[in-house]
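Please open the structure in your viewer and keep the selection tool at hand.

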Amino acid sequence: MFNIFKKEPVTIISLILAIISAFLVHPDAEYISYIDFRTLSILLCLMLVMAGLRKEGVFKYIGEKLLARTSTKRGLALVLIILCFFFSMLITNDVALISFVPFSIELINMMHDENKGSLAIKLIVLETIAANLGSMLTPIGNPQNLYLYSLSGISIISFIKIMLPYSLTSLLLLLLFGIFMFPVKKGTPDETVMEEVDDANSKEESVSSTSKRTDRKTSASFSKKMITSYLVLFLLSLLVVVHVLPYQVVLAVTIAVVLLIDRQTITKADYFLLLSFIFLFVFVGNIKRIEPIRDALQNVLSGREVITSIIASQFISNVPAAILLSGMTDKLRLLIVGTNLGGLGTLIASMASLISFKFYGQMKDCQKGRYVAVFTLLNVVFLAILASMNVLIALG
């Protein structure tokens, strides 16, 4: 039980809250109305599609192609940071980090650099910030966006307009921090990154060039079919997001296709996240039926939606904060801003940040304390700038 709590604390805490609330509001037929099946279905479809594309190496392939054009460690850092920023808009912040952070660590380990430890911390922290900030622009960028977007009923264009000023500012900040934190020393040759990687890869031997060519041909043909299938499923999921197709049909089609082409991918979805959503739906639904508690929370939240979302996210992460606070106010546009900005700050403010931390912790000679210090400092700086920007927008 302790191991499950250590691995999935949000799910366990959500379950405990749901159980406690069930003692206050006994289970009845109204419980089923708490659950947003549409959001859960879209989230599951996107999880399966992204798991399939990642398994096929699509994101790593794109990353390698782009990195082939870089010649300095600054170039490497900027490309990987920008990849996390833009990819997170479509494949979610979690998947972007799962795809590119291990890839980044692999590249860093191949380098001949005595400052690899410092490079790894700076790069992974900025990649994490980039994924969290890039994901805030679109409804499918992260779980809380998908939920609040579905609940609010606004158009996808309206959603993007809400977050666009923050996204553009974030991109500029990431570029500036990337340039500042990864200087190119004048007068000393900076080894070409991909040459180092190629040198390391060239040491690997294959069994037979003939069988290797045949296997590659078969694999490429099979991969194209798989990738095409996943891209079609992704398109269908997007059509559900924009209310063109019913979620029930696309969910059934997605599960059927994945089972048909690659059964193992079914196990790759984050079912603990889905359970967390369900438990939180039950908790919030029950709290809304307890008038004294509901009224007290609404009074605290009224007129302070953004700052309350930011603060709540620091302690319970932005996904639970979005679900909890959405039951107490109808100003969902402000919650969209608050929970997105709230992903910055502490290590648990966004659960995606824990993914990067876990990967970094697996590195040889990792310095977790230093990582947390750098992570917190940079997150607080980004949060302070974007929160100040929010105040200016509100005043304007």
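Predicted model: local features only at pLDDT ≥ 70, side-chain atom pairs only at ≥ 80, totals over all residues.

As background, nonpolar side chains in soluble globular proteins tend to be buried together.

Stay with Ile129 and ask which residues it contacts once its neighbours within four places in sequence are left aside. Selecting Leu174, Leu344, Leu378, Asn379 and Phe382 will show you those partners of Ile129.

Next, select helix H7, residues 93-110, together with helix H8, residues 116-134, whose axes come within 10 Å and cross at roughly 165 degrees. Because angles over 145 degrees count as roughly antiparallel, H7 is roughly antiparallel to H8, and the crossing of the two helices is right-handed. To see where they meet, highlight residues of H7 including Phe100, Val101 and Ile105, and then residues of H8 including Leu119, Leu123 and Ile124. Sorted by class, the contact of H7 with H8 has 11 nonpolar, 5 polar and 2 charged residues.

Finally, move to the loop between helix H13 (247-261) and helix H14 (271-288), and select Thr265 there. Is Thr265 buried or exposed? Its relative accessible area is 0%, so Thr265 is buried. If you leave out residues up to four places away in sequence, you will find that Thr265 touches Leu48, Ala51, Gly52, Lys55, Tyr230 and Val258.

Technical notes
Residues numbered from 1 in each chain as written. Heavy atoms only, no water. Contact = heavy atoms within 4.5 Å. Axes fitted to C-alpha atoms, helices over the stretch in contact; angles between N-to-C directions. Helix = DSSP H or I, 4+ residues; strand = E, 2+ residues; numbered from the N terminus. Parallel < 35°, antiparallel > 145°, perpendicular 65-115°, else oblique. Left-handed = near helix turned anticlockwise from the far one by under 90°. Nonpolar A, V, L, I, M, F, W, Y, C, P; charged D, E, K, R; others polar. Buried < 20%, exposed > 50% of the residue type's maximum accessible area, 1.4 Å probe, protein only.
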